[in-house]
Amino acid sequence: MSKGFNWYHFSSPQTFYPLAGKMIPWFWALAALFGIAGLIVGFLIAPTDAQQGEGYRIIFLHVPASWMSMFIYLVMAFWAALGLAFNFRLSAMMAQALAPTGALFAFLSLWTGALWGKPMWGAWWVWDARLTSELILLFLYVGFIALQASIDDPRRADKAGAILALVGVVNVPIIYFSVKWWNTLHQGSTVNIAKSSMAKVMLVGMLLCALACWMYAIAVALMRVRKIVLERERHTEWVKAELAQEK
Amino acid sequence: MLNAVFSLIARDLRLGMRRQADIASVLFFFIIVVSLFPLGIGPEPDQLRRLAPGILWVAALLATMLSLPRLFADDHRDGTLEQLALSPQPLGLIVLGKVAAHWLVSGLPLTLLAPVLGLQFDLSSEALQALTLSLLIGTPALSGIGAIGAALTLGVRGGGVLLSLLILPLYIPVLIFGAGAVEATVTGVGAQAHLSLLGALTLAGVFFAPWPTAAALRIALE
Amino acid sequence: MYWNSLSDFLAMGTHGLYVWGSFIVMALVMILEPVLLVRGRKQLIDRLRRQLRAEKLDPAASREESH
């Protein structure tokens with residue numbers, strides 16, 4: 001390894017594979033640390049919310065899940081674009097590895113949102129701009145995963161997925177604003193989430209939980225990308241050596 | 001350069017005319033889906049009038065969806081697409097020509113048919129006008145955005161269903177502003193704002209969509 | 001500590017079902033995903049090893065398998 005940070009060196013699957021293996025436990029540790037701290041702050045220390053009662057504690061789960069679902073889509077599109085532009089094999093694999101985790105976070109955001117909505121608004125589902133956009137985001141993830149799954153040639157799957165992810169990223173703001181516009185026209189279902197000035201301790205709890213989800217997402221994505229690397233590089237010598245080594 | 005595009009459109013139209021059954025199937029799909037709704041929700045005119053914009057627009061989306069897999073498939077099968085990709089014209093321009101031809105044989109007939117179907121829903125003449133106008137403005141965007149999906153799923157197994165999975169979420173803004181325009185006319189707000197935004201979507205869609213479509217076609221041809 | 005008793009904590013005011021319903025599903029998903037990944041990885045490694053052994057026995061078959 002030469003001095004300095006060499007992108008080409010680290011973007012080779014052969015170097016990345018063991019490196020990722022070493023990093024995964026650290027991200028798990030961080031995820032556990034932040035998760036326990038966030039849950040203690042959110043569920044044990046934070047006082048009740050004057051307007052929403054104890055049910056508000058779902059935000060410690062809901063908001064991080066929503067943030068991650070949106071953030072992961074952006075990161076996924078970033079890796080996909082990088083893979084498309086520079087033909088980095090690894091970054092396309094990274095995009096592929098992120099998609100299921102992002103979809104799961106979108107699902108969790110909808111699930112916790114529904115369970116939050118029922119006691120707060122009296123309905124499991126309202127056609128609020130944010131909820132609707134989250135649902136559409138889940139559809140976009142599903143489309144990306146389905147497209148990659150149905151193309152056999154991995155290189156074509158990478159590129160087609162990248163184009164879809166980029167088209168999706170361009171469309172997400174358009175979809176969001178059109179849904180918002182649609183929502184304001186149909187006043188009946190508009191929901192005002194009480195914007196009570198959030199106590200500092202609540203904010204801290206939420207940030208800790210978000211950090212935990214972030215670290216979790218990195219750990220899981222690294223695990224998945226290692227799987228993808230093994231599968232795709234199975235005919236190379238280094239994978240054969242790796243297979244002989246592993247218990 | 002434009003001549004080549006026009007001759008491509010003319011060729012696609014000629015081919016389309018030879019396969020009139022396909023065009024007719026798409027139109028009848030539209031008619032049947034729209035006619036199913038009153039049977040499902042009941043014949044009260046007030047309710048139908050309120051639901052008509054959404055129903056007609058969703059049915060138009062689905063009908064367009066149905067015609068999309070064929071957009072590039074035939075040319076792909078007989079090798080024409082490869083020749084087109086190698087021709088001196090930029091592939092994006094060729095895609096634009098194919099999108100235009102697709103709109104002429106799917107979006108335009110749907111638009112012309114829609115006011116007749118609107119009568120089933122007891123829409124007023126202003127609402128029918130708004131419906132026709134919104135479809136006229138909006139359906140080119142459907143062809144344009146749909147071309148991206150058609151190119152991405154070209155030759156992929158399960159292409160038809162996959163195509164709808166990819167493209168329907170992207171159609172949502174067009175649906176919102178298209179159906180919204182009709183609804184705004186029905187409620188007396190005026191469709192101006194909706195139609196302007198719909199026009200902007202169409203312009204953006206038709207202008208930008210050929211690029212990712214061309215890129216996806218190149219990938220499919222590799 | 002904000003809570004007086006464990007039953008208070010579990011009741012979450014009147015919203016226990018909603019709060020714990022969210023918590024349990026989220027925890028389940030976030031445990032299940034890595035567990036499935038670890039299992040999938042083991043299966044993959046087993047499969048690749050089998051392929052590798054088959055390749056050593058019959059090199060011609062492997063070339064077909066890899067296109």
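Let me begin with helix H4 of chain B: the cover over its buried residues includes helix H5 (80-86), helix H6 (91-120), H7 and H10 of chain B. Helices here are DSSP runs of H or I with at least four residues, strands are runs of E with at least two, and both are numbered from the N terminus. This is a predicted model, in which local features need pLDDT of at least 70 and side-chain atom pairs count only at pLDDT 80 or more, while totals for chains, interfaces and linings use all residues. Residues are numbered from 1 along each chain as its sequence is written, and chains are lettered from A and ligands numbered from 1 in the order in which they are written.

Which residues of H4(B) are buried? In this helix, residues 70-77, they are Leu71(B), Phe72(B) and Asp75(B). A residue is called buried if 20 or more other C-beta atoms lie within 10 Å of its own, exposed if 12 or fewer do, and partly exposed in between, with C-beta atoms placed from the backbone. Those three residues cover an arc of only 65 degrees around the axis, which puts them on the same side of H4(B); the arc is that of the directions from the helix axis to the C-beta atoms. An α-helix has 3.6 residues a turn, so residues three or four places apart point the same way. Just after H4(B), Gly79(B) adopts a positive phi of about 85 degrees.

Let me now widen the view to chain B as a whole. Chain B has 10 helices and 0 strands. With 222 residues, a compact globule would have a radius of gyration near 17 Å, and the 18 Å of chain B agrees with that. The radius is taken over C-alpha atoms, and the globule rule is 2.2 Å times the number of residues to the power 0.38. Along its principal axes, the C-alpha trace of chain B spans about 55 × 30 × 30 Å. Of the 222 residues of chain B, 50% count as buried. Among contacts in chain B with a separation of 6 or more, 81% join residues 24 or more positions apart; a contact means that the C-beta atoms of two residues, placed from the backbone, lie within 7 Å.

I turn to the annotation. In an unreviewed entry, UniProt places the feature "transmembrane region" at residues 21-42, 54-72, 93-118, 130-154, 161-182 and 194-221 of chain B. UniProt positions are given in the numbering used here, feature names are shortened, and annotations may be inferred rather than shown by experiment. In the model, residues 93-118 of chain B are 100% helix and 0% strand, with end C-alpha atoms 35 Å apart. Residues 161-182 of chain B are also 100% helix and 0% strand, and their end C-alpha atoms lie 29 Å apart. For chain C, UniProt lists residues 20-40 under "transmembrane region", again from an unreviewed entry. That span of chain C is 100% helix and 0% strand, and its end C-alpha atoms are 29 Å apart.

How do the chains meet? Of the 2 pairs of chains in contact, chains A and C share the most contacts. Their contact takes 26 residues from chain C and 31 residues from chain A. By class, the side of chain C that touches chain A has 17 nonpolar, 6 polar and 3 charged residues. Here Ala, Val, Leu, Ile, Met, Phe, Trp, Tyr, Cys and Pro count as nonpolar, Asp, Glu, Lys and Arg as charged, and the others, Gly among them, as polar.

The contact between chains B and A takes 20 residues from chain B and 23 residues from chain A. Helix H7 (125-152), helix H8 (159-187) and helix H10 (210-221) of chain B each supply at least two residues of that side of chain B. H8(B) gives the largest share, 10 residues. By class, the side of chain B that touches chain A has 16 nonpolar, 2 polar and 2 charged residues. Chain B and chain C do not touch, their nearest C-alpha atoms being 16 Å apart.

I close with two individual residues. Ala216(B) touches Ala160(A), Ile163(A), Ile148(B), Ala151(B) and Leu152(B), leaving aside residues up to four places away in sequence. In chain A, Glu134(A) sits in helix H5 (residues 129-150). Why does Glu134(A) count as buried? Because Glu134(A) has 20 C-beta neighbours inside 10 Å. The C-alpha atoms of Glu134(A) and Ser66(A), 68 residues apart along the chain, are separated by 7.7 Å.
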